[in-house]
Amino acid sequence: MIKLQHIRKTYLKENQLIHAVNDVSINISKGEIFGIIGFSGAGKSTLVRCINLLERPDPGSRVIVNGVDLTALSGRQLRAARSEIGMIFQHFNLMPSRTVLDNVIFPLKYRGISKEEQIATAKKLLELVDLKDRTSSYPSELSGGQKQRVAIARALAVNPKVLLCDEATSALDPQTTQEILDLLKSLNKKLGLTIVIITHEMAVVKDICSKVAILERGNLVEQGNIFEVFSNPKHSTTRRFVAAASNLSKVDQILKLHPEVINLTKGQLLVRLSYLDRGVSEPLISSISQKFSLVMNILFADIELINGAPIGGTVGILDGTQENIYAAIDYLRKKHVNVETLKNA
Amino acid sequence: MPDFIIQLIPNVVNKTDELWVSLWQTFVMLGISGIISFSLGLVFGVCLIVTKADGVMPNFPVHRGLGLVINLFRSIPFVILLAALIPLSRLVTGTAIGTTGAMVPLVFGTVPFFSRQVETALSSVDVGLIEAAQSMGCGLWGIIFRVLLKESIPQLIRVTQITSISLIGLTAMAGAIGGGGLGDFAIRYGHQRGQTDVTYVTVLVILVIVALIQHLGNQIIKKNNH
C-alpha cells in the first residue's frame with residue numbers, strides 16, 4: 001500500500017546540513033496499523049510528511065502510495081492523490097471559524113458534490129465518530145478528544161485508503177488517548193483503512209500497531225512485527241523504549257541509585273528473566289525450584305500485552321548452589337527465556 | 001433653529017449647506033480610496049505572506065521587492081506625498097486638485113500601511129491549518145481564500161477599522177491642498193478665519209464617523225468570532 005524507498009530529507013539550517021531523514025525504506029501493507037516510534041527530533045514527523053509530500057523528500061527518494069509514485073506527479077495530480085491519504089495532527093488543526101459540520105465538509109467542497117450530499121456524508125461521518133449531536137458547535141467548544149474525533153471525520157470525508165496520524169494522541173490525557181486509539185482500531189477493521197501512526201509513546205504502539213519501525217536521528221534502526229521487535233529488541237533505542245514501558249527496568253534504576261537496597265549474600269544471583277515466546281504458560285519458576293532445588297525470591301514481575309500477545313518477565317534473586325543455578329539458567333534459556341545477570345554476590 | 005444653537009455655533013449655522021457638501025466629499029474620498037486601498041492592500045498582504053521563505057509559494061525576489069516598495073512609501077510623510085504625487089495624479093485622474101485629485105495620494109498613503117496590517121493579520125493564522133488544508137488537497141487559491149482570508153476575518157476587520165480611521169485623518173490632510181471635505185472645511189473657516197466653532201463641530205462630526213466605523217466593525221467581528 002505504501003512503499004517508502006530510500007527516503008532522504010536534508011535541509012540547511014544555519015549553514016549546516018541536517019539529515020532529518022536518512023535513507024529510510026519501509027513497506028506498509030494494506031489494512032495494517034504501522035507505528036513509527038522515536039524520541040523527539042528523530043525525524044518521524046518529517047518522515048510522515050514525506051508520505052503525502054507535505055515535505056518533498058530529496059531527489060532519489062521514492063514514495064509509492066497505492067501503486068502511484070507521488071514524487072513523479074505534477075502539482076495538480078499530487079493534490080488529487082492527496083485525497084487518497086487522510087491526515088490527523090497533534091494539535092487537531094480544525095478551522096476555528098467553521099462549525100464541526102463545516103469542518104468535515106471542508107474537503108468535500110469544490111469536488112462537484114451536491115450540497116445535500118456533502119451534508120449527508122459529513123453527518124454520517126460524525127455519527128461514525130460519535131459526535132452527531134455536536135454538528136453546529138465550534139471547535140473552541142469541544143474537548144481535545146472531541147476535536148480529534150472531528151479531525152478524524154474530516155480526514156475520512158473523501159474516503160481515503162490511508163490515514164496518517166502525526167502524534168495524534170500526544171496532546172490528550174491517557175483516557176482520551178485510549179478512546180481515540182479504540183476508534184482508530186475500529187476504523188481499521190470497519191473500513192480496512194491502512195493507518196500509519198507516528199508517536200513517541202510506547203503505550204500507543206503497543207496497543208494498536210501490528211508492525212513498528214524505530215527511528216533514531218533520521219535513521220531506521222529496527223523494524224518488523226511488533227511482538228518480535230519488542231520481545232527481542234536489538235538496537236539500544238528500541239531497548240530504551242521497551243524498558244520505558246516495562247516495570248522490569250525499575251530494578252536497573254534501583255541498582256544504580258540505591259544499590260544497598262538489594263543485598264545479596266554469597267551464592268545468590270540477581271537475575272532478570274524475560275519471556276520471548278508467545279505462549280509462556282509453563283510455571284517456569286516453580287519448575288526450576290523443584291528441578292534444581294533453588295529458591296527464587298521475586299522482586300518484580302510484569303506482564304504486558306503487545307498486539308494481544310503477552311510479553312513480560314520477572315526480576316528476582318536466585319539462591320542455591322552455583323552448579324544448580326547455572327543448570328537452571330541453561331534450562332530457562334532452552335525454554336526461550338532471556339536471562340540476564342544483574343548482580344552477582 | 002433654536003436660539004441657543006445659533007449662539008453656540010454661529011459660524012456653522014450659516015453654512016450648514018457647505019458642511020453637508022464637505023461631509024459628502026469626505027465620504028466620497030473615504031469610500032473610493034478606501035475600496036481601492038482595501039483591495040490592493042489585501043492583494044499585497046496576501047502576496048507578502050504567500051511568498052515569504054516558509055510560505056505556501058516562497059519567492060524571495062517578489063517578497064523582498066514588495067517589502068522594499070512598501071517600506072519606501074510608508075516612510076514618506078503624507079503631506080510630502082501629496083505634493084510629490086501631483087504629476088501622477090494628473091496622469092491618472094486628469095486633475096491634481098479637488099476630491100478626485102486627492103484619490104491617488106490617498107491610495108498611495110494607505111496601501112503600504114494596510115498591506116503590512118493585512119500581513120500581520122494573516123500571519124496570525126496557525127500554520128497547522130494550512131498544513132491540514134494542503135493534506136486535504138487544497139491548492140494555492142484554496143489556501144488563500146478558504147484558509148488564510150476566511151480564518152483571519154476578525155483580524156482583517158480589526159485592521160480595516162484602524163486603517164479606515166487613519167484614512168479619515170489623511171482625507172483631512174488632503175483637504176489642505178484643495179481636496180475638499182471636512183478637513184478643508186475646518187482649515188478654511190476654523191483655522192484661517194478664526195471661527196473656532198467650525199473646528200469643534202468638524203471634530204464632533206469626525207468623531208461620530210469614527211465611532212460608527214468602530215461599531216460596525218465590532219458587530220461584524222462579534223458575528224465572526226468563535
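Predicted model: local features only at pLDDT ≥ 70, side-chain atom pairs only at ≥ 80, totals over all residues.
**View 1. Where chain A meets chain B.** In this view, 17 residues of chain A are in contact with 14 residues of chain B. On the side of chain A that touches chain B, helix α2 (residues 75–82) of chain A gives the most, with 3 residues. By class, that side of chain A has 9 nonpolar, 6 polar and 2 charged residues.

**View 2. Helices α7(B) and α10(B) in contact.** From α7(B), the residues making the contact include B:L106, B:F113, B:F114 and B:V118; from α10(B), look for B:L156, B:V159, B:I162 and B:L167, among others. The contact of α7(B) with α10(B) comprises 13 nonpolar and 7 polar residues, with no charged ones.

**View 3. Helices α10(B) and α11(B) in contact.** Here you can follow helix α10 (residues 153–174) of chain B to helix α11 (residues 181–191) of chain B; their axes come within 6 Å and cross at roughly 50°. That angle makes α10(B) oblique to α11(B). The crossing of α10(B) and α11(B) is right-handed. To find the contact, look for B:T171, B:A172, B:M173 and B:A174 in α10(B), which meet B:G181, B:L182 and B:G183 in α11(B). The residues of this contact are 4 nonpolar and 3 polar, with no charged ones.

How values were computed: Residues numbered from 1 in each chain as written. Chains lettered and ligands numbered in written order. Contact = placed C-beta atoms within 7 Å. Helix = DSSP H or I, 4+ residues; strand = E, 2+ residues; numbered from the N terminus. Nonpolar A, V, L, I, M, F, W, Y, C, P; charged D, E, K, R; others polar. Axes fitted to C-alpha atoms, helices over the stretch in contact; angles between N-to-C directions. Parallel < 35°, antiparallel > 145°, perpendicular 65-115°, else oblique. Left-handed = near helix turned anticlockwise from the far one by under 90°.
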